[in-house]
Amino acid sequence: MDIGSWQSQLRKGAAELVLLSVLSRGEAYGLEILARIRAGGDLVSEGSLYPLLARLEKAGRIAGRWELPAEGGNPRKYYRLTPEGAALSEAMRAAWIEFRTTITTLVEDPS
Amino acid sequence: MTEPARVIADYVRRLRWSLQAIPAADRAGLVREIESHLNDSLAAGADSFDATIRAMGPPHALAARYVQEYRLAGALAEDRPVALIGAMLVRSGRSVAAFGAVLAAMLLYLFALCLAAVAIAKPLFPTHVGLWSPPQGGAFGIMTEPPAAPEMMGLWILPVAIAGALGCYALATLVLRGTGRHLLRHTGL
């Protein structure tokens, strides 16, 4: 049984919810988003984060703006939730909680 | 140029090259963002830089992820049949739904084309286009040798064929868009 590929499917399914939730805590750029996600576990990698950001921006769920850091350095693209993205994030969070309750009942309860 | 700086320049150049399918204006932003991330990561130390390069994956693989998501999202906004079919064909190797959608849409587009041809041909060859009743072999469409039976629709075939063509066209586009949205929602990355 290939547990690795099943786990990777789980991660993929969760990535969008995780990203939207992280951004609901405030505007952030790529590295910050990764740091916030990694604070809670290793769910999204660099290689999957940026294409996902690009898609969510194209779909109008997040909006990006470029900024040059005041202390100098590389330009950064900051992302924030659009109203549509915020609504989606809320709906996904509610659906996730319901899903988690179901799975917990089915999988984790010894009785 | 130091070694990591050369690695970044090389990565960025390959990524830009692999992102040809993405509109130039967007491409520049995507590449700049990755370049910025790599530079920040290099500033944080050699270990962090190596880990980042590994996590990004090879430039062509990263580009493929961008193109895959982008094409479908972009094509959905454009709604052009060719773009939609192209985007779905990319997926059809791995998804039965995408393959089925492309097949169904192609058939519907073909119907639309045939009905449009009927509408165009009726005013040009009025006796060769129409609907003939069954007794002597029923027929519908454009016939080089029309059956002897009386033609039943007359000029009514024009609006019917046009409506049918538009209906098939709209339905095919709906099938592609619907399947595209479904795949976007359920395939994640």
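This is a predicted model: local features need pLDDT of at least 70, side-chain atom pairs count only at pLDDT 80 or more; totals for chains, interfaces and linings use all residues.
## Cysteines

A disulfide is a covalent bond between the sulfur atoms of two cysteines. For Cys114(B), the closest cysteine sulfur belongs to Cys168(B) and lies 9.3 Å away, which is too far for a bond. The cut-off for a disulfide is a sulfur pair within 2.5 Å. Cys168(B) is likewise in no disulfide, its nearest cysteine sulfur being that of Cys114(B) at 9.3 Å.

The two residues can also be described by solvent accessibility. Cys114(B) is partly exposed, with a relative accessible area of 46%, whereas Cys168(B) has 15% relative accessibility and counts as buried. The latter assignment follows because buried means under 20% relative accessible area.

Two packed helices are described by the angle between their axes and the distance between the axes. Helix H3 of chain A, residues 46–58, packs against helix H2 of chain B, residues 24–43. The angle is about 145° and the axes are 12 Å apart. H3(A) and H2(B) form a right-handed crossing.

On the chain A side, the contact involves Glu46(A), Tyr50(A), Leu53(A), Ala54(A) and Lys58(A) of H3(A). Their counterparts in H2(B) are Asp26(B), Leu30(B), Glu33(B), Ile34(B) and His37(B). Sorted by class, the residues in this contact of H3(A) with H2(B) comprise 5 nonpolar, 1 polar and 4 charged.

## Gln68 of chain B

Gln68(B) is located in helix H4 of chain B, which spans residues 59–78. Its relative accessibility is 18%, and Gln68(B) therefore counts as buried, the limit for this class being under 20%.

What does Gln68(B) touch when residues up to four places away in sequence are not counted? The contacts are with Arg91(B) and Arg94(B).

## Sheet in chain A

Strands of a sheet pair through backbone hydrogen bonds, either parallel or antiparallel. In chain A, 3 strands make up an open sheet with the order E1-E3-E2, and the pairing is antiparallel. Strand E1 (28–29) and strand E2 (62–67) are the edge strands of this chain A sheet, each pairing on one side only.

E1(A) runs antiparallel to strand E3 of chain A, residues 76–81, and is joined to E3(A) by 2 bridges. Within this part of the sheet, Tyr29(A) has Tyr78(A) in E3(A) as its bridge partner.

Conventions: Residues are numbered from 1 along each chain as its sequence is written. Chains are lettered from A and ligands numbered from 1 in the order in which they are written. Side-chain values use heavy atoms; hydrogens and water are left out. Buried means under 20% relative accessible area, exposed over 50%, partly exposed in between (1.4 Å probe, protein chains only). Axes are lines fitted to C-alpha atoms, for helices over the stretch in contact, and angles run from 0 to 180 degrees between N-to-C directions. Helices (H or I, at least four residues) and strands (E, at least two) are DSSP runs, numbered from the N terminus. A crossing is left-handed if the near helix is turned anticlockwise from the far one by less than a right angle, and right-handed if clockwise. Contact means heavy atoms within 4.5 Å. Ala, Val, Leu, Ile, Met, Phe, Trp, Tyr, Cys and Pro count as nonpolar, Asp, Glu, Lys and Arg as charged, and the others, Gly among them, as polar. Two strands pair if DSSP finds at least two bridges between them.
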